[in-house]
Amino acid sequence: MTPLELRGVEKTYETGSERVRALKGVDVAIEPGEFVSIIGPSGSGKSTMLHILGLLDSPTAGTVLLEGRDVTTLSETERTRARKHSIGFVFQQFYLIDSLTALENVLLPTVYDRDRDATARAESLLDRVGLGDRLDHTPDELSGGQKQRVAIARALINEPAVVLADEPTGNLDRETGTDVLEEFARIRDQGVALVCVTHDELVTEYADRVVEIVDGELR
Ligand SMILES: Nc1ncnc2c1ncn2[C@@H]1O[C@H](COP(=O)(O)OP(=O)(O)O)[C@@H](O)[C@H]1O
Ligand SMILES: [Mg+2]
């Protein structure tokens, strides 16, 4: 089943008297275990597209399908639930909580659930990303690359069908960025679909497919 699909998606922002057509009819299907890189100039609609793929924002027109289910018109509560169980997020700024340990950060998406295996899964995920000996470290005790690997483990804690990343290597040097991309390649090999929005040429070397967006339209 296709993890995530957009059909005829349009997004128009209205601020005061100004209207910005950020997406002008986008069709894209992300297949299982596929690493898709979305590239395009600044302001072309990359983040807008990622937010709609991630059910963080709704399209003005068109359809969003999550694991074959039309999620375009779900209520906010239903959308949040669908997002939590099927989609993981990785951002340029990591968004870790400074006062929590690596393990606690990874567990954060499960705190309101009765999820007895969560701690074991979190430990195993941190081990898998090479941080098995850093469980009790807080973010200020970790390097940039280590922080991003904690964020990757957190994105995977609910075993999502797809992971969405916005400029995940944007705050990392080339070598550390490569480590993170190697990690993404391993995730992809385990059958998780990956969508990565980026300026970084290196990302396109790791992607199975590169989609270019220009002025709200896919090329
Ligand atoms: N919340 C918003 N309100 C109004 N305009 C927005 C908003 N978010 C993005 N835009 C506009 O939509 C267009 C696409 O933005 P964005 O998706 O952030 O592009 P990218 O991520 O490729 O730089 C730009 O013209 C931007 O100014
Ligand atoms: Mg952006």
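This is a predicted model: local features need pLDDT of at least 70, side-chain atom pairs count only at pLDDT 80 or more; totals for chains, interfaces and linings use all residues.

Residues are numbered from 1 along each chain as its sequence is written, chains are lettered from A and ligands numbered from 1 in the order in which they are written, and side-chain values use heavy atoms, with hydrogens and water left out.

Ligand 1 is surrounded by residues including Tyr13, Thr15, Pro41, Lys46 and Thr48; a shell residue has a heavy atom within 4 Å. Three elements, β1 (4-15), β2 (18-30) and α1 (46-53), each supply at least two shell residues. The largest share, three residues, comes from α1. Helices (H or I, at least four residues) and strands (E, at least two) are DSSP runs, numbered from the N terminus.

Now the oxygen atoms of the ligand. One lies 2.6 Å from an N or O atom in the Thr48 side chain. For the Lys46 side chain, the distance is 2.9 Å. A polar backbone atom of Gly45 is 3.1 Å from a ligand oxygen. The protein covers 61% of the 560 Å² of accessible area (Shrake-Rupley method, 1.4 Å probe) that ligand 1 has on its own.

Turn to Phe184. Which residues does Phe184 touch, not counting residues up to four places away in sequence? They are Phe35, Val90, Ile152, Ala165, Pro168 and Leu194, with contact meaning heavy atoms within 4.5 Å.

Conventions:
A polar contact is a pair of N or O atoms within 3.5 Å; within protein, one must be able to donate a hydrogen and the other to accept it, and residues adjacent in sequence count only if both atoms are side-chain atoms.
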